[in-house]
Amino acid sequence: MVPKPSPAAVPTTRSKPLISGKAERFTESVIRDMTRQAHLYGAINLAQGFPDFPAPAEIKRAAQEAITADLNQYAITWGARSLRQAIATKMKKWQGLEVDPEAEITVCCGSTEAMIASLMAITNAGDEIVVFEPFYENYGPDAILSGAQPRFVTLHPPADPTGEWQFDKRELRAAFTPRTKAIILNTPNNPTGKVFTRAELEFIRELCVEFDALAITDEIYEHILYDGARHTSIVTLDSMRERTITINSLSKTYSVTGWRVGWAVAPPVLTNAIRKVHDFLTVGAPAPLQEAGATALDLPESYYEGLAAAYRARRDRLLPALRQAGFKTFAPRGAYYIMTDIGGFGFPDDVSFAQHLVKDIGVASVPGSSFYSHPKLGAHQVRFAFCKTDATLDEAARRLLKLKKA
Ligand code: GLN
């Protein structure tokens, strides 16, 4: 779906490679490509995880007011003071953690930049990073770009649809070596919907301490939880305060994925390094939207209850529709994706199935292989996002029923 290069841009024979070895090692984002394909074929986009409903009125108003008040120049490179203060206040309230907004927070262009800036700040060539798979697509290229060596540990799908994705403790332990610099966590998890339990995080904590490794934890879905699942931040566990980088953002919690405001919270020594990388990568996140972020983080508790309840209703709308259409589904405990098993459809792999779905059925999904280190590992899975209006989900459900008749 990438536009063809103009003839002038086509490389001729050269004495040295035009493209870096790093850039050669990964493809364009499959998630973002599926969005372009959804546009191309007029398909319902259940691929990329962004809401198709409005963001809260008060935070849109706050953004408009910030622009009108001419907060239109660079914020302080590591983040507007008002937003950093609001992040510290929110972490105190929800995680019970004292964070110094002057020394421990870096506001970035989304959690995407917070993650790559953190990895670039801590890794040297050859350092190993432990990553659970399936993983959010970005972590693979992030590891390559930062020069780290990923060590993948499988999250095994549950045998029955109501079960939990699990890692094997021995497999996780075996992935830690003296070269392990960090483990990347993402809880609630994209794409599986797993919410790591306190006991699981305790086990990970023990390994981090034993191997002197850091935890980089992406918690952007912390408020999107179902069925009584509880979110635990690993930074709150014993001895983890000094070895955790906690990443979060406005995108999912406040339905503003296009604003590109996220942050990394880490002890001062780590934050100093993250801030330097961030400064030279992007200088700063959009200034007026950071001001609006301070308003967002100040929303009352009822906002978060409403958010989780609305997402539960959306999940419970799409899950039966997928089952009815012939998918084997894994019910998420958190986040807003459903991983499915497509074994019942008889397609050779996830990519050909997702192509059929977007072109002939009119629904865009994400092929499972984009969440794994090797294509064959996700060849029987596709992911659907349900951060969509009832009308969108119902139309997708209607179209998916065509799969049965095909
Ligand atoms: N997190 C979203 C997803 O997994 C979107 C990510 C992105 O495109 N930046 O679909």
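## Ligand site

A polar side-chain atom of Gln48 lies 2.7 Å from an oxygen atom of the ligand, in a model that is predicted. Of the 290 Å² that the ligand exposes when taken alone, the protein buries 88%; accessible areas come from the Shrake-Rupley method with a 1.4 Å probe, and for residues only the protein chains shown count as cover.

The residues around the ligand, meaning those with a heavy atom within 4 Å of it, are Ile31, Arg32, Gln48, Gly49, Tyr136, Asn190, Tyr221, Lys252, Tyr337 and Arg383. This shell divides into 4 nonpolar, 3 polar and 3 charged residues, where Ala, Val, Leu, Ile, Met, Phe, Trp, Tyr, Cys and Pro count as nonpolar, Asp, Glu, Lys and Arg as charged, and the others, Gly among them, as polar.

An open sheet is formed by 8 strands in the order 2-9-8-7-6-3-4-5, with mixed pairing. Because strand 2 (105-108) and strand 5 (166-167) stand at the edges with a single partner strand each, one side of each has no neighbour in the sheet. Strands are DSSP runs of E with at least two residues, and helices are runs of H or I with at least four, numbered from the N terminus; two strands pair if DSSP finds at least two bridges between them.

Strand 3 and strand 6 (residues 180-186) run parallel and are joined by 4 bridges. Glu128 stands opposite Thr180 in strand 6.

Thr123 lies in the loop between helix 5 (110-122) and strand 3 (128-133). With a relative accessible area of 9%, Thr123 is buried (under 20%; exposed is over 50%, partly exposed in between, with a 1.4 Å probe and protein chains only).

The side chain of Thr123 reaches the backbone oxygen of Leu119 at 2.6 Å and that of Ser146 at 3.3 Å. Leaving aside residues up to four places away in sequence, Thr123 touches Ile129, Ser146, Ala148 and Lys181, a contact being heavy atoms within 4.5 Å. The C-alpha atoms of Thr123 and Ala182 are separated by 8.7 Å, although the two residues are 59 residues apart along the chain.

## Basis of the values

Residues are numbered from 1 along each chain as its sequence is written, and side-chain values use heavy atoms, with hydrogens and water left out. Local features need pLDDT of at least 70 and side-chain atom pairs count only at pLDDT 80 or more, whereas totals for chains, interfaces and linings use all residues.

Technical notes:
Polar contact = N/O pair within 3.5 Å; in protein donor to acceptor, adjacent residues only side chain to side chain.
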